[in-house]
Amino acid sequence: MTTFVDYQKALAEGRLLCSSCKNCNECAIPPRIVCRNCQGRDLVVEETEKRGVIRTFTVIRIAPLGFEAPYIVAMVETGCGAWVMGNLLGVEPDSADMDLMGKTVSITSRITPADTYSIGEIHTLAFELSEHQ
């Protein structure tokens, strides 16, 4: 069984883990112990490709405590089919427009500092536009 700590350690090492259901092939990031599609428990944890496609995004202009706006939050569909959320880096929020939709990104992580509502400093997903579009 992969724990949150294992997932965090993998992100710190530059790896992205997913769980794949042996019954229905559903992929989930971060790994789960039960498949959300078929509720099966026969899952395998494996490293997955760190690329995906932007499916939607929003510009955050009013940030929660401890964060500085504006910034972009995007939903990215990975190669295994799982959708993940993270910050889109390297794009000026005021210039973000619908041209971002469908762009290929590399998936990385960055350290998000502890705040009032978190368990402490953690690695969170972040995206960077791929050079080859």
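Colleague: What should I know about the model and its numbering before we start?
Modeller: This is a predicted model, in which local features need pLDDT of at least 70 and side-chain atom pairs count only at pLDDT 80 or more, while totals for chains, interfaces and linings use all residues. Residues are numbered from 1 along each chain as its sequence is written, and side-chain values use heavy atoms, with hydrogens and water left out.

Colleague: In what order do the three strands of the open sheet stand?
Modeller: The order is β2-β1-β3, with antiparallel pairing. Strands are DSSP runs of E with at least two residues, helices are runs of H or I with at least four, and both are numbered from the N terminus. Two strands pair if DSSP finds at least two bridges between them.

Colleague: Why is one side of β2 and of β3 left without a neighbour in the sheet?
Modeller: β2 (27–28) and β3 (43–47) are at the edges and have a single partner strand each, so one side of each lacks a neighbour in the sheet.

Colleague: How many bridges join β1 to β2?
Modeller: Two bridges join β1 (residues 17–21) to β2, and Ser-19 has Ala-28 in β2 as its bridge partner.

Colleague: Turning to β5, how many bridges does it form with β4 and with β6?
Modeller: β4 (residues 51–60) pairs with β5 over eight bridges, in the antiparallel sense. Six bridges join β5 to β6, again antiparallel. β5 and β6 form a hairpin with four residues between them, and Gly-81 in the turn has a positive phi of about 100°.

Colleague: Is β5 mostly covered or uncovered?
Modeller: β5 is mostly covered, as six of its eight residues are buried; buried means under 20% relative accessible area, exposed over 50%, and partly exposed in between, with a 1.4 Å probe and protein chains only.

Colleague: Which residues touch the most other members of the largest nonpolar core?
Modeller: Leu-88 and Phe-127 do, in a core of 24 residues. A nonpolar core is a set of buried Ala, Val, Leu, Ile, Met, Phe, Trp, Tyr and Cys residues joined through side-chain atoms within 4.5 Å.

Colleague: And the largest pocket, what is its volume?
Modeller: Its volume is about 630 Å³. A pocket is an open set of points on a 1 Å grid over the protein atoms alone, where a 1.4 Å probe fits, with protein on both sides within 12 Å along at least five of seven lines; lining residues have an atom within 4 Å of a point. Grid points are joined across faces, edges and corners, and the volume is the space filled by probe spheres set on the points.

Colleague: Which element gives the largest share of the lining?
Modeller: β6 does, with six residues.
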